[in-house]
Amino acid sequence: MKRPGPLLTLLAGLVLAVFMLSLNAMTGAKNASNPYRQASPGVSVSASAPPGSSSPSASPSPSPSPTRSPVPNADYAGRTDDNTSAVAVSLRGGKAIAYFCDGHDKESWLKGDVRDDGSMKLTGADGDELTGTLQGGKRLRGTAEVGGQRYGFTADRAVKPSGLYRATATVRGAKVDGGWIVLPGGKQVGVVERDGTPSAAPVIDPETGAVTIDGQKIIARPVTP
């Protein structure tokens with residue numbers, strides 16, 4: 001049998017090469033036009049959020065705590081439940097000063113803070129104490145412990161000239177310290193100390209605060225904290 005010559009073998013290889021090149025070109029064209037082809041390994045693909053999704057919302061900020069209105073400045077004056085003594089309290093800027101007196105020889109000055117809810121605890125000398133609570137801004141209800149005795153009291157809001165007054169001076173060589181409570185209706189209760197000795201106070205002029213003590217005219221002025 002006669003074997004094919006070198007020229008025939010070379011021609012057959014050339015035909016086979018052309019066929020393989022044509023087939024490869026067709027396959028590449030299909031891959032390029034296919035939009036759903038898989039990405040090659042090593043190529044990063046950014047993930048997009050699914051439609052309708054949104055980033056987590058920030059947690060709601062805490063609602064502000066309710067604020068209370070400050071206690072209004074005002075003056076209160078009234079009597080103890082047993083009607084033996086008078087009490088006056090002056091409020092300014094969240095602070096209070098109070099005066100308790102029986103109009104004879106018992107008295108006490110007390111000071112302290114007023115809470116936002118209108119309650120207060122005032123303290124004075126010798127362990128004296130006054131506690132009270134505002135009732136709608138129209139009156140003050142509480143108790144006063146003075147000289148070892150406990151008194152309930154009610155003090156209504158006072159409009160000048162009602163309220164609390166005090167005068168200090170030196171009269172005839174004596175140190176004078178007087179306190180007055182002018183009650184709603186005009187009645188006055190007060191005590192004057194002369195060198196520490198208490199006694200009933202003379203009446204003051206509620207319009208001017210003028211008062212005469214031992215022949216000398218001095219001025220009692222409204223008291224605020």
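Gly 136 counts as exposed because its relative accessibility is 74%, and exposed means over 50%. The model in which this value was computed is a predicted one. Gly 136 sits in the loop that links β6 and β7. These two strands make a hairpin with 3 residues between them, and within that hairpin Gly 136 takes a positive phi near 65°.

The C-alpha atoms of Gly 136 and Gly 118 are 8.9 Å apart in space, while 18 residues separate the two glycines in sequence.

## The chain as a whole

The chain has 225 residues, and 34% of them count as buried. Its secondary structure consists of 1 helix and 15 strands. The accessible surface is about 14,700 Å², with 55% of that area belonging to carbon and sulfur atoms.

Among contacts with a separation of 6 or more, 38% are between residues 24 or more positions apart.

## The barrel

A barrel is closed by 8 strands, taken in the order β1-β2-β3-β4-β5-β6-β7-β8, with antiparallel pairing. From one strand to the next, the twist averages 25°. As a general point, strands of a sheet pair through backbone hydrogen bonds, in either a parallel or an antiparallel arrangement.

Strand β1 covers residues 74-80 and strand β2 covers residues 86-92; their antiparallel pairing extends over 6 bridges. Asp 75 stands opposite Ser 90 of β2, and Tyr 76 stands opposite Val 89 of β2. The hairpin formed by β1 and β2 has 5 residues between the strands, and Asn 83 in its turn has a positive phi of about 60°.

On its other pairing, β2 meets strand β3 (residues 95-101), again in the antiparallel sense, over 7 bridges. Val 87 stands opposite Phe 100 of β3. The β2-β3 hairpin has 2 residues between its strands, and the turn includes Gly 93, with a positive phi of about 60°. β2 itself is mostly covered, with 6 of its 7 residues buried.

## Strands β6 to β8

β6 and β7 pair in the antiparallel sense over 7 bridges, and Leu 130 stands opposite Ala 144 of β7. β7 also runs antiparallel to β8, to which 8 bridges join it. Here the bridge partner of Arg 139 is Asp 156 in β8. The hairpin of β7 and β8 has 2 residues between the strands, and Gly 147 in this hairpin takes a positive phi near 60°.

## The nonpolar core

The largest nonpolar core contains 21 residues, and the members that touch the most others are Val 89, Leu 91, Met 120, Leu 130 and Leu 140. Two or more residues are contributed to this core by each of β1, β2, β3, β5, β6 (129-135), β7 (139-146) and β8 (149-157). In soluble globular proteins, nonpolar side chains tend to be buried together.

Leaving out residues up to four places away in sequence, Met 120 touches Val 89, Leu 91, Ala 96, Leu 130, Leu 134 and Leu 140, among others. Its list of contacts also includes Asp 113, Val 114, Arg 115, Thr 131 and Gly 132.

## Ser 119 in β5

Ser 119 belongs to strand β5, which covers residues 119-124. With a relative accessibility of 12%, Ser 119 counts as buried, because the cut-off for buried is under 20%. The side chain of Ser 119 makes a polar contact of 2.7 Å with the side chain of Asp 117.

Apart from neighbours within four places in sequence, Ser 119 is in contact with Asp 113, Val 114, Gly 132 and Thr 133.

Technical notes
Residues are numbered from 1 along each chain as its sequence is written. This is a predicted model: local features need pLDDT of at least 70, side-chain atom pairs count only at pLDDT 80 or more; totals for chains, interfaces and linings use all residues. Side-chain values use heavy atoms; hydrogens and water are left out. Two strands pair if DSSP finds at least two bridges between them. Helices (H or I, at least four residues) and strands (E, at least two) are DSSP runs, numbered from the N terminus. Axes are lines fitted to C-alpha atoms, for helices over the stretch in contact, and angles run from 0 to 180 degrees between N-to-C directions. Buried means under 20% relative accessible area, exposed over 50%, partly exposed in between (1.4 Å probe, protein chains only). A polar contact is a pair of N or O atoms within 3.5 Å; within protein, one must be able to donate a hydrogen and the other to accept it, and residues adjacent in sequence count only if both atoms are side-chain atoms. Contact means heavy atoms within 4.5 Å. A nonpolar core is a set of buried Ala, Val, Leu, Ile, Met, Phe, Trp, Tyr and Cys residues joined through side-chain atoms within 4.5 Å. Accessible areas come from the Shrake-Rupley method with a 1.4 Å probe; for residues, only the protein chains shown count as cover.
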